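Dear colleague,

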Amino acid sequence: MVTIPRVVIAAPASGHGKTTVATGLLAAFARRGVPVAPFKVGPDYIDPGYHALAAGRPGRNLDPVLVGEELIGPLFAHGSQGAELAVVEGVMGLYDGRTGAGETGSTAQVAELLRAPVILVVDAAAQGRSVAALVHGFRSFGTVRLAGVILNRVGSDRHEQILRDACEEVGTPVLGALRRADAVAAPSRHLGLVPAAERRAEALASVDALATLIAASVDLDAVAAVARSAPALPATPWSPEAEAPVPGRPRVALAGGPAFSFAYAETAELLAGAGAEVVTVDPLRDESLPAGTRALVVGGGFPEVYAAELSANEPLRKSVRELAAAGFPIAAECAGLLWLSRSLDGAPMCGVLDAEAAMTPTLTLGYRDAVALSDSPLAPAGTRVTGHEFHRTTVHPRSGVLLSPASGAAWAWRGGDPEGFASATVHASYLHLHWAGHRGLAARLVGTAAG
């Protein structure tokens with residue numbers, strides 16, 4: 001049984017201030033000396049980066065679509081070990097989930113799976129007593145327990161009193177109120193907030209400012225009491241350890257740094273659990289893969305922002321080409337796919353794929369139920385997965401042939417042409433996968449690396 005106090009931070013819609021409040025709560029409790037565990041509902045990589053800075057431990061994702069609802073409790077139990085309080089930031093609006101699938105993937109579903117109370121963050125800038133109708137609607141619509149409200153962008157003392165009186169009318173306590181002028185902003189660009197890994201010093205300062213803001217504006221003791229009201233959760237902590245780890249500790253390089261900051265914490269844990277020695281390579285700084293590397297995993301990020309720097313690192317690009325030519329496995333998704341291509345917006349990249357990549361104004365976004373079309377070091381043909389696509393780039397051709405071994409498309413899904421590149425040694429695709437939901441991926445990759 002999991003007994004850690006826990007609370008879900010939700011909102012009526014995106015843009016109400018969930019990330020501000022969740023990150024600020026994590027930082028404020030951490031400043032008090034409370035070990036806190038941070039979580040994010042959904043596939044987003046960026047918010048967990050700020051959560052990690054605030055909490056001093058990895059930010060983790062809870063996504064029933066990517067891993068299955070049966071793993072939400074175990075993954076939560078795994079990620080909250082050693083903590084005294086868990087804060088779960090929701091996604092979009094409280095009841096918004098996968099399109100056409102009801103509550104599946106929503107904050108409400110995760111709150112119910114965790115038996116966790118919900119605090120609703122409401123942007124109250126343009127409303128008064130009407131906030132009561134909004135809060136009452138969210139309390140009565142579903143089955144989650146709405147334990148309180150935090151008001152955001154409040155204009156004045158009088159405005160705050162009107163809002164508090166309105167919430168009292170519908171029996172919902174106000175646990176805090178943030179003023180409009182107190183906003184602590186993080187810069188944004190084409191896919192949302194700029195990742196914390198790209199602006200670490202500034203991000204640390206923002207998180208520190210959020211801790212001060214939340215401590216002054218929110219009743220932390222009341223929030224802690226709400227979290228303690230969560231009942232025991234029947235769950236056994238998830239484990240990344242494989243039943244039969246590969247012997248020999250093959251070295252697997254995992255791309256990181258500002259250009260490749262999109263990675264779920266469980267990926268490295270699963271690789272290590274499968275028997276690998278996991279080492280990090282930063283393509284903006286390192287001029288070669290670590291000595292003895294027998295496999296490379298490249299996740300998502302923003303290589304388009306760093307195209308010039310990545311292109312200028314010719315020694316590392318050559319090292320990656322040589323790894324591929326030697327037949328060692330490479331698995332890449334989204335940003336990794338772009339980096340493995342011949343070029344990105346005209347800047348030379350690694351040249352492992354016979355493809356050209358470019359930025360586009362069109363956002364491609366959504367969950368995909370996919371099937372593997374070709375054998376690869378990640379999965380055998382016929383493997384079924386659910387992943388997530390999120391990018392403003394294109395690769396031409398969309399799928400095709402590698403420069404060396406015979407290959408085919410990586411995935412197919414309903415409504416789209418075959419996508420990605422797959423061979424006996426390389427797998428590159430736009431599809432982001434949460435490996436905890438498909439733990440055979442790590443075992444297969446490490447086994448291929450060991451030969």
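Which residues in H2 meet which residues in H8? Tyr 50, Leu 53 and Ala 54 in H2 meet Arg 200, Ala 203, Leu 204 and Val 207 in H8, where contact means heavy atoms within 4.5 Å. By class, this contact of H2 with H8 has six nonpolar, no polar and one charged residues (Ala, Val, Leu, Ile, Met, Phe, Trp, Tyr, Cys and Pro count as nonpolar, Asp, Glu, Lys and Arg as charged, and the others, Gly among them, as polar).

Please note that this is a predicted model, in which local features need pLDDT of at least 70 and side-chain atom pairs count only at pLDDT 80 or more, while totals for chains, interfaces and linings use all residues. Residues are numbered from 1 along each chain as its sequence is written, and side-chain values use heavy atoms, with hydrogens and water left out.

Helix packing

H2 spans residues 46–55 and H8 spans residues 200–217; helices (H or I, at least four residues) and strands (E, at least two) are DSSP runs, numbered from the N terminus. H2 and H8 pack at an angle of about 65°, with their axes 10 Å apart. Axes are lines fitted to C-alpha atoms, for helices over the stretch in contact, and angles run from 0 to 180 degrees between N-to-C directions. H2 and H8 are therefore roughly perpendicular to each other (angles under 35 degrees count as roughly parallel, over 145 as roughly antiparallel, 65 to 115 as roughly perpendicular and the rest as oblique).

H8 also packs against H1 (residues 18–31), at an angle of about 85° and with the axes 7 Å apart. H1 and H8 are therefore roughly perpendicular. Among the residues of H1 in this contact are Val 21, Leu 25 and Ala 28, and H8 contributes residues including Val 207, Leu 210 and Ile 214. The contact of H1 with H8 divides into nine nonpolar, four polar and two charged residues.

The axes of H1 and H9 (residues 220–228) come within 11 Å and cross at roughly 100°. Here Leu 25, Ala 28 and Phe 29 in H1 meet Leu 220, Val 223 and Ala 224 in H9. This contact has six nonpolar, no polar and no charged residues.

The structure holds two cavities of 30 Å³ or more. A cavity is a set of points, on a 1 Å grid over the protein atoms alone, where a 1.4 Å probe fits but cannot get out; lining residues have an atom within 4 Å of a point. About 180 Å³ of space lies in the largest cavity, a volume being the space filled by probe spheres set on the points, which are joined across faces, edges and corners. Of the 19 residues that line the largest cavity, the closest to its centre are Val 297, Val 298, Gly 299, Glu 333 and Trp 435. E13 gives the largest share of this lining, three residues. By class, the lining has 14 nonpolar, four polar and one charged residues.

Backbone geometry

A cis peptide bond joins His 396 and Pro 397, with omega about -5°. Pro 397 lies in the loop between strand E17 (384–396) and strand E18 (407–408). Met 92, a residue other than glycine, has a positive phi, near 50°, and lies in the loop between strand E4 (85–89) and helix H5 (107–114).

With kind regards

Methods. On a 1 Å grid over the protein atoms alone, a cavity is a set of points where a 1.4 Å probe fits but cannot get out, and a pocket is an open set with protein on both sides within 12 Å along at least five of seven lines; lining residues have an atom within 4 Å of a point.
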